[in-house]
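User: Hello! I am new to this structure and would like to look at it together with you. Could you show it to me?

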Amino acid sequence: MRVGVLALQGAFREHILVLEALASSTVAVRLPVQLEGLDGLVIPGGESTAIAKLMRTYGFYEAIRDACAQGMAVWGTCAGAILMAREIGDARPDQEPLGLMDIVVQRNAYGRQVDSFEAPLHFAHIGEPFPGVFIRAPYIERVGEGVEILARHDGRIVAAHGGRMLATTFHPELTGDPRVHRYFIERVIAAQ
Amino acid sequence: MNENPTTGTLRVKTGLAEMLKGGVIMDVVTPEQAKIAEDAGAVAVMSLERVPADIRAAGGVARMADPTIVEAIVGSVSIPVMAKCRIGHFVEAQVLQSLGVDYLDESEVLTPADEEYHIDKWDFTVPFVCGARNLGEALRRIGEGAAMIRTKGEPGTGNVVEAVRHMRTMLDEIAWVAGLRSEQLFGAAKDLQAPYELVKWVHEHGTLPVVNFSAGGIATPADAALMMQLGCDGVFVGSGIFKSGDPVKRARAIVEATTHYNDPDVIARVSRDLGEAMVGINISDIPDAERMQERGW
């Protein structure tokens, strides 16, 4: 199994470290040709405007959509969840989502950095509460048909899974707890 | 299960810095410049009344920016906004926190308010970034609660030589601490004038416990890529963008060079036709008393 992490900007190294420990072959994706042969791609947290700008400059929009049409699974965390959405609430006019998953995501939904927080989450299918780390986080306003809600915080949707797509608005890669990474590998990539 | 959220934890403070990695943080003095920076792909902006080159030229006491400027910049972009307070000036820090700034820079670019103590940064919900020239200085700041470090360089010069010196010093000292035997760490903590627990952490992990950006004198895409190849996590560009001939193009070029720092073809392409870079200053031409990097203890 070959998993890529989009390495344009943000917390990509942390994802790579966790994925390597789960014994999948991992690659830091900086150019679209590196998407070839990937079973899954993680779009990490970072600044969604900066990542989107670099994605456009290097032709990632089409390349990622094409790879998904070939069956590549995608997991977006925080900024990544924003980018993979069908629609972005509070988007900058030039901010185009990838439209990979039928979710509507609200950016900077909790306020500024002083409102960033940690809270334990009930995350479906993975057992004990998961440590949620929310940093200038978005939330998922609504999900389309066939998208399962995996976790909520304070009533708002913070994790969802539909088909080959997984979105979390928090940061499992900062916790040292590999259960959501394992979920992505076992229940999103490996599930057909 | 207690589902109450906890704000201001070390993890959300250092976590925001993790999200900025591989990115460029740009100094801006107006909302228009902030928008240019955001459009160019900056991961954050530093809101200021003057960029370091102008602070250097103006002389006198440099203080926190006027809240009107900071608020206007906070309201103009969706990326994180940082702001600088004077070393030791915890009331400026309180004010900036109340304005909704996302990261505070307790900065040597401004005139220090306290020549003995830095701010007790654990007291704040907002995270702090602090400058450092070496490992001891970095660990003292982290001990005081800094959630992010930037090497100082010499701000407002357009001369990268000090940024390189500080990054190399930091990496050499980290390698030295990593190679010590455990009983030598007490002596190392004494030599570095740094908390023992943090020295031990560096020994075990071979890296700083927080994100480390480079700052002070970066003026070109190649400068940014140089600092990234030397091992920093991202770059601050102060005067280098808006003191240059074509800020829009240069800002974009520095962003691309920071992402593709290991790809000379990309750096060559983005370095073309950028117009004039800011005029540089040789460090030896700056009197000792005016060197900003010496500020901080």
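This is a predicted model: local features need pLDDT of at least 70, side-chain atom pairs count only at pLDDT 80 or more; totals for chains, interfaces and linings use all residues.

User: Thanks! How many residue pairs are in polar contact between chain B and chain A?

Analyst: Residues are numbered from 1 along each chain as its sequence is written, chains are lettered from A and ligands numbered from 1 in the order in which they are written, and side-chain values use heavy atoms, with hydrogens and water left out. A polar contact is a pair of N or O atoms within 3.5 Å; within protein, one must be able to donate a hydrogen and the other to accept it, and residues adjacent in sequence count only if both atoms are side-chain atoms. With both residues at pLDDT 80 or more, the count between chain B and chain A is 21 residue pairs.

User: Which element gives the largest share of the side of chain B that touches chain A?

Analyst: Elements here are DSSP runs numbered from the N terminus: helices (H or I, at least four residues) and strands (E, at least two). Those giving two or more residues to this side of chain B are strand S1 (6–7), helix H1 (10–20), helix H2 (31–40), H12 and H13. The largest share, 8 residues, comes from H1(B).

User: What is the area buried between chain B and chain A?

Analyst: Contact means heavy atoms within 4.5 Å, and it takes 46 residues from chain B and 43 residues from chain A. Buried area is the accessible area (1.4 Å probe) that two parts lose on being put together, summed over both. Carbon and sulfur atoms give 54% of the area between these chains, which is about 3500 Å².

User: Which residue of S1(B) is the bridge partner of Glu118(A)?

Analyst: Strands pair if DSSP finds at least two bridges between them. Strand S7 (residues 117–121) of chain A and S1(B) pair in the antiparallel sense over 2 bridges. In S1(B), the partner of Glu118(A) is Thr6(B).

User: How far apart are the closest N and O atoms in the salt bridge of Glu14(A) with Lys21(B)?

Analyst: A salt bridge is a side-chain nitrogen of Lys or Arg within 4 Å of a carboxyl oxygen of Asp or Glu, and the rule finds 5 across the interface of chain B and chain A. Glu14(A) forms one with Lys21(B), the closest N and O atoms being 2.6 Å apart. Glu14(A) lies in helix H1 (residues 12–21) of chain A and Lys21(B) in the loop between H1 and strand S2 (24–28) of chain B, so the pair joins two chains. The distance asked for is 2.6 Å.

User: Is Lys21(B) buried or exposed?

Analyst: Buried means under 20% relative accessible area, exposed over 50%, partly exposed in between (1.4 Å probe, protein chains only). With a relative accessible area of 4%, Lys21(B) is buried.

User: Why is helix H10 of chain B largely enclosed by the rest of the structure?

Analyst: What covers its buried residues includes helix H7 (161–178), strand S8 (211–214), strand S9 (235–237), helix H12 (247–259) and helix H13 (264–271) of chain B. Among the buried residues of H10(B) are Pro221(B), Met227(B) and Leu230(B). H10(B), residues 221–230, is largely enclosed because the buried residues number 7 of the 10.
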